[in-house]
Amino acid sequence: MDRVSDELPELPEYAERVLDVAEQIPPGRVMTYGDVAEWLGEGGPRQVGRVMALYGAAAPWWRVVRSDGALLPGHELRALGHYREESTPLREASRAAEGHLPRLDMRRARWDGGAEGGDGDGAGSRSARAGETAVAARAAGAECEVGGGAAHI
């Protein structure tokens with residue numbers, strides 16, 4: 001009988017890149033699935049979501065989110081604990097909201113990939129270049145698909 005290898009299968013290169021971005025998002029900040037795809041210049045929100053679903057458990061998965069700020073279904077309470085611990089900006093739920101769960105305040109919580117704290121070194125060289133590109137695109141008023149809807153970046 002053949003022995004089954006104890007080695008884990010190699011992580012696909014795209015998945016490594018997605019998880020690398022997730023790990024660079026500062027505590028208290030988030031990026032949407034579409035933001036991550038745009039940052040990488042490849043794939044889309046669904047591909048990023050698939051990577052996070054399959055491989056994201058060891059990464060800060062709660063920092064890669066839906067563009068509407070809704071908490072990840074099935075993981076709302078775990079995510080909410082992380083958001084409160086990291087002081088991620090939240091919007092309180094209305095009385096009509098299911099389960100009265102807050103949403104992320106995307107206007108305040110969304111990270112554009114730029115250096116936090118203004119020292120210019122916060123995200124590493126590859127990340128800093130990608131962040132500069134995103135900031136330049138925002139300054140130019142470019143539009144792209146983010147999480148299923150057009151958004152200015």
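The following exercises, each with a worked solution, look at a predicted model of one protein chain.

Residues are numbered from 1 along each chain as its sequence is written. Because this is a predicted model, local features need pLDDT of at least 70 and side-chain atom pairs count only at pLDDT 80 or more, while totals for chains, interfaces and linings use all residues; side-chain values use heavy atoms, with hydrogens and water left out.

**Exercise 1. Find which residues of helix H4 are buried, and work out how they are arranged around the helix.**

Solution. First, take helix H4, which covers residues 76–86, and list its buried residues: Ala79, Leu80, Tyr83 and Glu86. Next, look down the axis of H4, where these buried residues fall within an arc of 135 degrees (taken from the directions from the helix axis to the C-beta atoms), so they line one face of the helix. On the other side of H4, the exposed residues are Leu77, Arg84 and Glu85. Finally, ask what the buried residues pack against: their partners are strand E2 (64–65), strand E3 (90–91) and strand E4 (103–104), where contact means heavy atoms within 4.5 Å.

**Exercise 2. Examine the backbone of Ser87, the residue that follows H4.**

Solution. Locate Ser87 first, in the loop between H4 and E3. Its phi is near 60 degrees, a positive value in a residue other than glycine.

**Exercise 3. Trace the polar contacts that the side chain of Arg110 makes with the side chains of Asp35 and Thr32.**

Solution. Recall that a polar contact is a pair of N or O atoms within 3.5 Å; within protein, one must be able to donate a hydrogen and the other to accept it, and residues adjacent in sequence count only if both atoms are side-chain atoms. Start from Arg110, found in the loop between helix H5 (106–109) and helix H6 (124–139), and partly exposed with a relative accessible area of 22%. The side chain of Arg110 makes a polar contact with the side chain of Asp35 at 2.8 Å and another with the side chain of Thr32 at 3.5 Å. Asp35 lies in helix H2, residues 33–40, and counts as buried, since its relative accessibility is 6%.

**Exercise 4. Describe the lining of the largest pocket.**

Solution. Begin with the residues: the lining has 21 of them, and Tyr33, Met52, Trp61, Leu72 and His75 lie nearest the centre of the pocket. Then turn to the elements, where helix H3 (45–55), E2 and H4 each give two or more residues to this lining, and H3 provides the largest share, 5 residues. The word pocket rests on a 1 Å grid over the protein atoms alone: a pocket is an open set of points where a 1.4 Å probe fits, with protein on both sides within 12 Å along at least five of seven lines, and lining residues have an atom within 4 Å of a point.

Note on methods:
Buried < 20%, exposed > 50% of the residue type's maximum accessible area, 1.4 Å probe, protein only. Helix = DSSP H or I, 4+ residues; strand = E, 2+ residues; numbered from the N terminus.
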